[in-house]
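Open the model in a viewer and keep the selection panel at hand. The stops below are meant to be taken in order.

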Amino acid sequence: MKEGAALLWLPGWGMPNELFDPVRRCFPSCHHVIPDFTGVTEPGDFMDALIDHRGRISDRRVIVIGWSMGGMLAQRLAAHFPVSGLVLISTTGRFVRSKDMRSKGWPDNYVTRMERGLAENRERVMAAFYQSVLTERERRENRSLFDSHAQNGWTQAALQAGLAYLREEDCRPFSSTLSCPSTIIHGKDDTVCPIAAGEELAASIHRAMFIPIDDCGHAPLLFHPDVVCQAIQRMVEARE
């Protein structure tokens, strides 16, 4: 007999796991699994860590909550291992896009500049990235909320490995094979993973529920935690 649901939480690039805390606290009876990506050194280390954690909870229903880069890892995991549900937040099937597909992702040379910039001035690169996560209104009204969580322990090698993962990963070839219940939450004003990428992802996964949020950037879990909580709750209460 299987135990209660396990929630596997996967953060975005350079983000601390603590950002999930306000949502995570809504599920006190669930078993929580939180991989630590702060010390990885190679792009493949992210999936190795996930597979290790997934193996330890094989006796439970596993619901994966992935934000941004974490959402891409969640898709990859669900393609190869049993997963009972996916809640994909502000993510995409392919982060790097060609010039003619700029409406769905960042150009490769932008990520390359971030890789070079990290070696020269990590603080400046991270500050610019955090700026891009929020909309103008979110920066003006709720900046302290984000800043209080923005410091993180990702090593330089982990940040570089994350950027390499984002450049290399492409979930689009297998997204149509994902069969578990999936909910995709996306801010309409997201400039990191544009809304068109979320729409593309939702269209590619069979019977996925797509929840766009007005006046929202790349961090719905911070500014619209109720929407994220409700999506997870539906997964927790669903029967196999």
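The tour visits a strand and its neighbours, then a pocket.

This is a predicted model, in which local features need pLDDT of at least 70 and side-chain atom pairs count only at pLDDT 80 or more, while totals for chains, interfaces and linings use all residues. Residues are numbered from 1 along each chain as its sequence is written, and side-chain values use heavy atoms, with hydrogens and water left out.

Select residues 182-187, strand S5. Helices (H or I, at least four residues) and strands (E, at least two) are DSSP runs, numbered from the N terminus. Six of the six residues in S5 are buried (under 20% relative accessible area with a 1.4 Å probe, protein chains only). Ser 182, Ile 184 and His 186 lie on one side, and Thr 183, Ile 185 and Gly 187 on the other.

Next, select strand S6, residues 209-213, which pairs with S5 in the parallel sense over five bridges. Pro 212 in S6 stands opposite His 186. Between S5 and S6 the chain passes through helix H9, residues 195-204, in a right-handed β-α-β crossover (clockwise from the first strand over the helix to the second, with the strands pointing away from the viewer).

Finally, select helix H4 (108-120) and helix H5 (122-133), the elements that each give two or more residues to the lining of the largest pocket.

Definitions and conventions: Buried < 20%, exposed > 50% of the residue type's maximum accessible area, 1.4 Å probe, protein only. Pairing = 2+ DSSP bridges.
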